[in-house]
Amino acid sequence: MKTIALAGNPNSGKSSVFNQLTGLRQKVANFPGVTVEKKTGVCRLGEQEVLLVDLPGAYSLYPNSSDEQVVLNILANPGDENYPDALVYIADQTHLEKHFLLLTQILDLGIPCVLGLNMADMAEKQGLRVDTAGLSRLLKIPVVNFSARLGTNLDSLKTEMASLLASPPPARQEAFHNSSEAEARIISRIQQDLGVENPYRALLLAHHADKYPFLSQEDKQHLARICQEEKFQRTRQQIAETLKRYERFTPLLRQCLVESQERVTFTDRVDSVLTHRLWAPVIFFTLMFLVFQAVFAWAEAPMNWIEQSFGSLGSYVKETLPDGWLAQLLADGIIAGLGGIVVFVPQIGILFLIITILEEIGYMSRAAFISDRLMQQFGMNGRSVIALVSGGACAIPAIMSTRTIGNWKERLTTILVTPFISCSARIPVYAVLIGFVVPPTQVGIFNLQGLAFMGLYLLGIVAALGSAWAFKKILRSEDPSWLMLELPPYRWPVWRNVWLTVYEKVSSFVLEAGKVILLISIILWALASFGPGEGMTRASEEAALQARQNNLEVAQAADLEAALRMEASYAGHLGKVMEPFIEPLGFDWKIGIALLTSFAAREVFVGTMATLYSIGSTDEEATIKEQMAQAVHPETGLKVYTPAASLSLLIFYVFALQCMSTLAVVKRETGSWKWPLLQFFFMGTLAYLGSLAAYQLLS
Amino acid sequence: MSSAVSVLKEGITGKISHFTSDEVAGKLLTMGVLPGSRVQIVRIAPFKGGYYLKIDGINLAVRQQEASSIVLEIA
């Protein structure tokens, strides 16, 4: 299958085009070696099908972010697996001039191109007209005028794509960029020494030698030597080249553009409120508050429904299948594990629905603009705000969203502190434990438990900002930090894009994080169901004996047996090994097991507690709370879950990084185990010390 | 009269005469910001925060430190 790449600046409406051309036939993965999202999809062009690769948005082949680096790596390397047979360049025709820099660079690389002028609807509204035929003559490439938003004229785009593949144009004789003398000298040396044919590709080698992952060490050294001998000044040459390109295409464009008068646009009017020095922060925080309310309120009903469905499915399996390890594995291992994954779909879905809408409208970049100053105080970037807010649902997509931050130190800081923000997986734990410590009293219009919830969130935010501040002092960075953020015009969201993004985020959570959660859920089940030596059998006998002595009912006897077996199991032994370490925090071995299992995913805590207190398939919070309330220490006879212990446990959950999936994502984003390990230990230390202080002071 | 964006007030318009930092110039050029581009200072965030600039019809947010390398020719 032939490959066609889709390229363009950010905000060119490229993803709308991609969605229109591929629909649901798309796949999301990562470009090799980096976590830049790679979207591919199959597109039908008449008789044939082609593979469409959606390249990340880029302004030029001189990268300022990892997104742009990926575009360069692919387009400058014909050996790359994603190197396209042809390319569709999407430009926003209402700001045509600034979209031409990358276009002319790509043309100079000799890749066959179609120019797609997107946003025909916007241009019409603004009274703007582009002479497509004239532009096509001047650039010597096919030009199509269309609107991805309305889906108009996309067929012509497809026709041009098909004919470009059917009869590739002959290699261009004349490059768009006329090399300067210094450039020409270095180009010819590189062409000779490295056997590169295309002159612009040779020039880019001189500029980016040290950043290309596909070059051998030998070639890199050789290129460095050439650059040194020729006294090649990278930044100077880049500026000169860029200016020359503008000088050349600006007059070309003037000929083909009928421009309207500039006027106060709708965007200007909206921005006079949304970026107002007083209103902006008020609106921002109100909006974030509403987002949170929505995530909690709207997700509640579907979450309950999912929990109940999986609960009854589990019981059904246990009732129908013959009793034995298979039925238990299915009900307590697999079905419970699946339930634990699916239950988070509503929250993740709603959060991404809102974030995507805000992004599509154009608000997110304003949020980054207004919070940049504040974030800088903590060694981060305005864009970090998006990650920190998303962290409220799940740290995994949040950490993935940091890749638009160009400065490594700011990006790393954001990645390291995002897991402090209380994610949705902590909610069940908070809910159970707050129910314990805090009475549901009304104080004015507030509910005391609600306030406690908010307090825990604030604690997480304070920890995130505090440690970010500390990292700012510790981490060194050579990279200059910058913002340079485009604020796109406000637009009505394209619902198709919104749905596809939400679908994609949810399915990647279910498939990626879900795998780990399910696996751990099964391991846990095994740890709790089997034990060393004869322990398990003896536990059953002991339970039967006690049941006879005390005349217990059948259900009570079963509960007792399960509890004793748990104590004798591998999990029980692990918990007991941990007990001396966590006793100063007020935790017993059962909590120890729950801490271990939470490492798979925090929400597992509730499920583990249910198993430990042998309340079988009832996953209900109320039941667990009752059981925990009755729990007493076997030696001292005192209650285990005193307010002090519960508070200590809450603090532990606010601070500790108990999430394998997050660690895996951080490893992928930072490229080494160094950062996730550091993150794990400093968050763990903070959790331990915080809990210790809370318990020792209160008990 | 020419002066850096960072010392100007909200609402002022002018044309870019030059950049004082190659680093910043290199990045701004790729976004279509050139000498000769018409700039309007739309908004300055409080406490020396970001600058919201309208440059040839494109809205761009930059930091104070970047704004200080953009020199405007004011009519």
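**Strands across the chains**

Guide: This is a predicted model. Strand S12 of chain A, residues 485-486, pairs with S5(B) in the antiparallel sense, over 2 bridges.

Visitor: Which residue in S5(B) is the bridge partner of Glu486(A)?
Guide: That is Leu60(B).

Visitor: And what order do the strands of the sheet take?
Guide: The order is S12(A)-S5(B)-S4(B)-S3(B)-S2(B)-S6(B)-S1(B). Those 7 strands form an open sheet with antiparallel pairing.

Visitor: Which strands stand at the edges?
Guide: S12 of chain A and strand S1 (2-4) of chain B. Each has a single partner strand, so one side of each is left without a neighbour in the sheet.

Visitor: Now the contact. How many residues does it take from each chain?
Guide: Chain B gives 26 residues and chain A gives 29 residues. On the side of chain B that touches chain A, helix H1 (22-30) and strand S5 (58-62) each supply at least two residues.

Visitor: Which one gives the most to that side of chain B?
Guide: H1(B), with 8 residues.

Visitor: How do the residues on that side divide?
Guide: Into 13 nonpolar, 7 polar and 6 charged.

Visitor: Switching to chain A. What span should helix H19 have?
Guide: H19(A) covers residues 426-437, which is 12 residues. At 1.5 Å a residue they should span 16 Å. The end C-alpha atoms are 16 Å apart, so the two agree.

Visitor: Which residues in H19(A) are buried?
Guide: Arg426(A), Ile427(A), Pro428(A) and Val429(A) are buried. Val432(A), Leu433(A) and Ile434(A) are buried too.

Notes. Residues numbered from 1 in each chain as written. Chains lettered and ligands numbered in written order. Predicted model: local features only at pLDDT ≥ 70, side-chain atom pairs only at ≥ 80, totals over all residues. Contact = placed C-beta atoms within 7 Å. Helix = DSSP H or I, 4+ residues; strand = E, 2+ residues; numbered from the N terminus. Nonpolar A, V, L, I, M, F, W, Y, C, P; charged D, E, K, R; others polar. Pairing = 2+ DSSP bridges. Expected span 1.5 Å × (residues − 1). Buried ≥ 20, exposed ≤ 12 C-beta atoms within 10 Å, placed from the backbone.
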